[in-house]
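Hi,

Here is the structure I said I would pass on.

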Amino acid sequence: MIQVVKDGKRIKVSFPYNPRYIAKIKTVKGYKWHPEDKSWSVPISESVIMRILSFFDKEDIDFDPSLCLESLERDLLSRRCSSRTIKSYLHYNEDFLRFTKRSPMGVGNSDVRDYLCYLVEKRNVSASTLNVAINAMKCYYGNVLKRGFIYEVERPKKDRRLPVVLNQGEISGILSVVSNLKHKVILMLMYSAGLRVSEVVKLRLEDIDFQRKFIHVKGGKGRKDRYTILSDVAIETLPEYLKEYGESKYLFPSQDREKHLTTRSVEKIFSDACRKAGVKKNATAHSLRHSFATHLLESGVDLRYIQELLGHKSSKTTEVYTHVSNKELSKIKNPLDSLQIKE
């Protein structure tokens with residue numbers, strides 16, 4: 001087995017004796033031989049790492065894929081991608097290289113197809129997750145490494161899954177069992193304004209317009225700003241919350257008051273509340289946003305306004321709520337109810 005590992009400011013390379021590989025290593029400027037553990041080392045840089053890996057293209061290599069992805073991270077940062085996108089793209093490219101045990105310049109279409117099959121068969125990922133993995137690899141191999149092979153991979157059709165929607169009784173129950181005022185205000189704002197988890201944790205006091213009854217959501221999905229509505233109940237509750245917890249950089253700070261609460265913390269707050277309220281649906285904190293949109297639709301609010309409040313780029317994204325709304329379905333008389341059943 002060939003091993004390529006980081007060792008301080010150098011890359012250490014180990015392999016069974018092979019004159020051809022030794023000759024190649026000696027072409028790298030600054031190489032060193034370490035007789036004590038029979039390994040070679042070279043100065044660390046992404047270009048050197050890629051060159052070293054190319055020496056062993058047809059071999060299985062034990063190496064840390066993150067060493068090859070600095071250029072991908074720089075590319076994503078230069079395009080101002082979100083931290084979530086950067087994390088996701090780096091993850092899938094690292095995972096792919098660990099799966100293939102080959103260098104980025106040594107992989108091909110068959111490796112990509114094998115990896116995608118592995119994600120489906122072994123990890124049971126959804127079509128949307130599969131598309132994220134494909135996007136991640138296309139970005140690296142297409143945009144950064146300028147390799148065209150990845151574009152031959154066919155995209156899977158997206159799953160047509162409907163969102164989990166809580167009824168108003170369930171939401172009332174969830175809010176009722178939350179005794180911590182900070183936690184209650186977080187869930188209240190998510191439901192009453194249709195906020196994503198990542199949006200509610202980044203709110204600042206100056207984003208709340210009490211007079212106009214609006215919340216200014218800054219840098220939402222796709223780095224888009226938008227305004228959404230602020231409820232009367234939230235207007236009454238927020239001053240009470242601020243009086244108890246005081247003002248800080250973020251509306252919902254973590255223990256370090258210079259940082260905001262994590263999205264994981266909010267998910268736990270919601271899951272604990274669901275458990276206490278006896279909610280059996282497979283809901284997540286994002287279900288509050290789905291419920292906000294569905295309840296607005298059922299109360300007669302035009303779909304175009306809901307699209308604006310949610311910050312959806314396409315109306316097709318918002319139209320999913322027409323499939324979970326009972327606005328028209330509740331008017332249909334069930335044929336069973338028309339039967340006269342003898343007891």
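Let's start at proline 253, which sits in the loop between α10 (232-245) and α11. (Helices here are DSSP runs of H or I with at least four residues, strands are runs of E with at least two, and both are numbered from the N terminus.) Proline 253 is buried, with a relative accessible area of 3%; buried means under 20% relative accessible area, exposed over 50%, and partly exposed in between, using a 1.4 Å probe and protein chains only. Leaving out neighbours within four places in sequence, proline 253 is in contact with Lys182, Tyr241, Ser248, Lys259, His260 and Leu261, where contact means heavy atoms within 4.5 Å. Proline 253 and valine 201 are 52 residues apart in sequence, yet their C-alpha atoms are 7.9 Å apart in space.

Before going further, two notes on how to read all this. This is a predicted model, in which local features need pLDDT of at least 70 and side-chain atom pairs count only at pLDDT 80 or more, while totals for chains, interfaces and linings use all residues. Residues are numbered from 1 along each chain as its sequence is written, and side-chain values use heavy atoms, with hydrogens and water left out.

Next, the helix pairs. The axes of α8 (residues 181-193) and α11 (residues 263-277) come within 10 Å and cross at roughly 95°, which makes α8 roughly perpendicular to α11. (Axes are lines fitted to C-alpha atoms, for helices over the stretch in contact, with angles from 0 to 180 degrees between N-to-C directions; under 35 degrees counts as roughly parallel, over 145 as roughly antiparallel, 65 to 115 as roughly perpendicular, and the rest as oblique.) On the α8 side the contact is made by His183, Ile186, Leu187 and Met190, and on the α11 side by Val266, Ile269, Phe270 and Ala273. Those residues divide into seven nonpolar, one polar and no charged.

Gln168, Ile171, Ile174 and Leu175 of α7 meet Lys184, Leu187, Met188 and Tyr191 of α8. Here the division is six nonpolar, one polar and one charged.

Threonine 237, in helix α10, touches Leu181, Val185 and Met188, again not counting residues up to four places away in sequence. At 12% relative accessibility, threonine 237 counts as buried. Its C-alpha is separated by 70 Å from that of proline 35, 202 residues apart along the chain.

How much of α12 is covered? Of its 12 residues, 11 are buried. Among them are Arg289, His290, Phe292 and His295. α12 (residues 287-298) reaches 16 Å from its first C-alpha to its last, close to the 16 Å expected at 1.5 Å a residue; the expected span is 1.5 Å times one less than the number of residues. After α12 comes glycine 300, with a positive phi near 100°.

α5 (residues 109-121) has 13 residues and reaches 18 Å, close to the 18 Å expected. Its buried residues are Asn109, Asp111, Val112, Tyr115, Leu116 and Leu119. What covers them includes α4 (83-100) and α6 (127-144).

Threonine 100, in α4, is buried at 11% relative accessibility. Further along the sequence than four places, threonine 100 touches Asp60, Val107 and Asp111.

Most residues other than glycine have a negative phi. Lysine 101, in the loop between α4 and α5, has a positive phi near 60° and is partly exposed at 39%. Asparagine 124, in the loop between α5 and α6, has a positive phi of about 55° and is exposed at 68%.

Cheers

Conventions
Nonpolar A, V, L, I, M, F, W, Y, C, P; charged D, E, K, R; others polar.
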